[in-house]
Amino acid sequence: MSAARPQARRGGIGERRLLALTALAIAVAIGFVAYQNLGPSAVYYLTPTEAQQRRIAPGAAVRLGGQIEPGSLRYDPASRDLRFIIGDGITRTVVVGKGAPPALLREGAGAVVEGFFSTDGSFRATQVIAKHDEVYVPPAPSKTPPHRTP
Amino acid sequence: MTTTAFRPAPPVRIRSALGLASLLGVLVAGAMALVWAPPDANQGEVQRIMYVHVPAAWTAYLAFGVVFLASLGWLWTRRPVFDAVAVASAEIGVLLTGLTLVAGSIWAKPTWGVWWTWEPRLITTAVMFVMYVGYLLLRSLSTDLAGRATRAAVIGIVAVVNVPIVHLSVEWMNAQHQLPSVLRPGGPALDERMLATLIVGTVAFTILYAWLMVERVALETARQDRLSDLAHGGPAR
Amino acid sequence: MRAAWLVALRELRADARQPDGVATAVTFVGALVLVESLVVGPQVAREATVAPALYWVALLFAAIVVTTRSFDRELADDALEAVLALPGGRDALYAGKLLALAVALAVVGAIGGILQVALLDLSVALAGHALIAVLLGTIALPAVVILDVALTLRLRARAALVPILAVPVLVPQLVAGTNALGLALTGDATASLAWSGLLLAIALVYAVLGLTIAGTAIE
C-alpha cells in the first residue's frame with residue numbers, strides 16, 4: 001500500500017486556513033440570522049391559534065397540534081365516527097374524523113392531526129397521531145396502567 | 001510501500017473478556033428493562049422499547065463519530081488500521097441505526113398511532129442510515145484498497161456533518177418526536193429506576209460495540225494482510 | 001486562486017464550443033418537469049408546495065448530468081493530469097469546476113424554470129427572490145456532486161453510486177431550496193430570503209469542506 005502523504009504547501013496554508021474559517025464563521029452567522037427569520041414556515045404543525053391567525057383556507061392541507069379537551073373525545077365503533085376538540089389554551093377547534101383513534105389518544109393529552117379545514121370551521125382529519133411529552137413516570141401505586149399493549 | 005510483518009490478533013484474553021462482558025451487560029440490561037424498571041403511567045409496558053431504541057441511537061452516534069475520527073486518521077497517516085476501524089464502526093453503526101429505526105417504528109405504532117411520520121428527527125435518522133449504507137456500497141464497489149480507503153474516508157467525513165443535525169432537529173422545529181428525555185434543560189425527566197435502566201442499557205450497548213469492534217477490526221486487518229501478501233507475491237519476511 | 005479561474009474559463013469555453021453537456025441537461029430537466037407534472041397531475045403540480053420540490057429534484061439530477069459530463073470530458077481529453085500537476089492543482093480543479101458548473105446549471109435552471117412556469121401556468125409573486133434561491137442552488141448542488149463524481153471517477157457502478165452518495169447529503173439544501181422557492185411563489189419575501197440564507201450558509205459550509213478535502217478526493 002502506498003504511503004502517500006498530502007503535498008506540503010508552502011506559504012499559503014495559513015492563509016487558506018484563515019479563509020476557510022472565515023467562510024465557515026460567515027456561514028454560521030448567516031445561518032443564525034436566517035434561522036431567526038424563518039418564521040412560521042419552519043414548523044411541523046400549527047397550533048389552533050396560529051391556524052386562525054394565518055387564516056388557513058378551507059381545503060388546504062395543514063397539520064394542527066394541541067391538547068385534547070377533557071370531555072370532548074367521542075368515538076362510535078359502529079359508524080367509525082371520531083370527534084374531539086383540540087385546543088392550545090386560547091383557541092378550540094372541533095376535529096372530525098373516521099376510524100379508530102390511536103390507543104394512546106387521551107383527553108388532556110397532546111395530539112397532532114393532519115387534514116384540512118372545512119367551510120363550517122371544523123377540521124376534517126385524515127390522520128390522527130397521539131403526541132406524548134418527554135416525561136416518563138411509573139403509574140401511581142394501586143392503579144394499573146390504563147393502556148393495554150395490543 | 002509498507003512491509004506486512006506478521007500481526008498477531010488481539011490477545012484472546014481481551015476478546016473473551018469483552019465478549020463475556022457484553023453478554024453479561026446484555027443480560028443485566030435486559031432483565032432491568034423487562035422486569036425491574038417500572039412501566040410508564042401513560043404507555044404501559046410498551047414504553048420498555050425505549051431501553052432498546054435509545055441506547056441503540058446513542059451508540060450509533062458513537063459509531064459514526066468513530067468513523068469520522070478513523071477517516072481523519074487514514075487521511076492523515078495512511079495507516080491501514082484506521083481504515084479497518086472505519087469500516088468496522090460503519091457496519092456496526094448501520095446495524096444500530098437500522099435497529100433504532102425499527103424499534104422506534106414498533107414503539108410508534110401503539111403510542112402515536114402510525115408506523116412512520118414525516119417528521120424532522122425521523123427523516124434525518126433515515127437519511128443518516130442511507131448515507132452510511134452508501135458508504136458501505138462505495139467500499140464494496142472499489143477494487144484497490146488504498147483508493148477505497150481514501151474514498152470511504154472522504155464520505156465518512158462528509159456524512160458526519162449530518163449527525164449533529166439529527167440531534168438538533170428536534171429542538172429546531174415543533175416536532176412529533178418528543179424532546180430528549182435525558183439531555184434536556186431541566187435535567188432528566190425520567191423516574192430514577194427508568195434512568196438507571198437506560199444508563200445500564202447504554203453501557204451494555206457500548207460494551208457490545210467495543211467487543212464487535214475488536215472482532216471486526218481483527219478480521220479486517222487479517223484480510224488486509226492477506227490481500228497485501230497476495231499483491232506482493234507472498235508473505236513478507 | 002488564479003488556477004481556479006483558469007480551470008473555470010477553460011471549462012466554460014469548452015462548454016461554449018461543445019454545449020452537449022448543457023444541452024443534455026436542459027433536455028433532461030424539461031423531460032423531468034413534464035413527466036413529474038403528468039404523474040402527479042397538473043392540478044397538484046401547480047401548488048406552491050409541490051412545484052418547487054419537482055423543480056429541485058429535476059435540477060439535482062441535471063447537476064449530476066453536467067458534473068459527470070464535465071469529468072468525462074477531462075478524462076477523454078487526458079487533460080486531468082495537466083491540471084492536477086499545477087501547484088494546488090486539486091483544489092483549483094474543485095473551485096474551477098464549481099464556478100463553471102454553477103454557471104452551466106444557472107442556464108439549465110433558468111430554462112427549466114421558465115419551462116415549468118409556462119407549462120403549469122404558475123403564478124410567481126416574487127420572481128427576484130425565486131431567482132436568488134435558484135442561483136444559490138446552482139452553487140450548493142455542485143459543491144457536493146463534484147466531490148461524489150470525483151470520488152467515483154474510476155468505478156464501474158458510478159452512475160448508481162453518485163445519486164446514492166449525493167442525495168442524502170443534499171437533503172438540507174433541497175429542503176431549504178424548496179421552501180425558499182415556494183415562499184417566493186406565494187409572496188412571503190422575508191421568509192423566502194431567510195430560507196435562501198440558510199441555503200447560502202449550507203452551500204458555504206460544503207464549499208469549504210469540498211475545497212479542503214478536494215486534495216485527497218480527486219485522484
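**Chain folds, helix packing and an exposed loop glycine**

Read along the sequence, chain B follows the pattern α-α-α-α-α-α-α. The model is predicted. Chain B has 7 helices and 0 strands. It comprises 237 residues, and 43% of them count as buried.

Chain A is built from both kinds of element. Its secondary structure comes to 2 helices and 6 strands. From the N terminus on, the order is α-α-β-β-β-β-β-β. Of the 150 residues in chain A, 23% are buried. Residues 24 or more positions apart supply 48% of the chain A contacts with a separation of 6 or more.

The domain assignment divides chain A in two. Domain 1 covers 13–40, and domain 2 covers 43–131. The centres of these two domains of chain A, taken over C-alpha atoms, are separated by 40 Å.

One loop position in chain A was examined in detail. A:Gly121 sits between β5 (110–117) and β6 (123–131) of chain A, in the loop that links these strands. The residue has 10 other C-beta atoms within 10 Å; 12 or fewer count as exposed, so A:Gly121 is exposed. A:Pro58 is 63 residues away from A:Gly121 along the chain.

The contact takes 16 residues from chain A and 17 residues from chain C. On the side of chain A that touches chain C, 11 residues are nonpolar, 4 are polar and 1 is charged.

Two packed helices are described by the angle between their axes and the distance between the axes. Helix α2 of chain C spans residues 20–40, and helix α4 of chain C spans residues 51–77. Their axes come within 9 Å and cross at roughly 155 degrees. Angles over 145 degrees count as roughly antiparallel, so α2(C) is roughly antiparallel to α4(C). The crossing of α2(C) and α4(C) is right-handed.

Residues from both helices form this contact. From α2(C) come C:Gly21, C:Val22, C:Thr24, C:Ala25, C:Phe28, C:Val29, C:Leu32, C:Val33 and C:Glu36. They meet C:Leu54, C:Ala58, C:Leu59, C:Phe61, C:Ala62, C:Val65, C:Val66, C:Arg69 and C:Ser70 in α4(C). By class, the contact of α2(C) with α4(C) holds 13 nonpolar, 3 polar and 2 charged residues.

The other pair is α7 and α9. Helix α7 of chain C runs over residues 127–151, and helix α9 of chain C over residues 189–217. These helices pack at an angle of about 20 degrees, with their axes 9 Å apart. Angles under 35 degrees count as roughly parallel, so α7(C) is roughly parallel to α9(C). The crossing of α7(C) past α9(C) is left-handed. The contact of α7(C) with α9(C) has 21 nonpolar and 5 polar residues, and no charged residues.

Conventions
Residues are numbered from 1 along each chain as its sequence is written. Chains are lettered from A and ligands numbered from 1 in the order in which they are written. This is a predicted model: local features need pLDDT of at least 70, side-chain atom pairs count only at pLDDT 80 or more; totals for chains, interfaces and linings use all residues. Axes are lines fitted to C-alpha atoms, for helices over the stretch in contact, and angles run from 0 to 180 degrees between N-to-C directions. Helices (H or I, at least four residues) and strands (E, at least two) are DSSP runs, numbered from the N terminus. Angles under 35 degrees count as roughly parallel, over 145 as roughly antiparallel, 65 to 115 as roughly perpendicular and the rest as oblique. A crossing is left-handed if the near helix is turned anticlockwise from the far one by less than a right angle, and right-handed if clockwise. Two residues are in contact if their C-beta atoms, placed from the backbone, lie within 7 Å. Ala, Val, Leu, Ile, Met, Phe, Trp, Tyr, Cys and Pro count as nonpolar, Asp, Glu, Lys and Arg as charged, and the others, Gly among them, as polar. A residue is buried if 20 or more other C-beta atoms lie within 10 Å of its own, exposed if 12 or fewer, and partly exposed in between; C-beta atoms are placed from the backbone. Domain bounds come from an automatic or database domain assignment.
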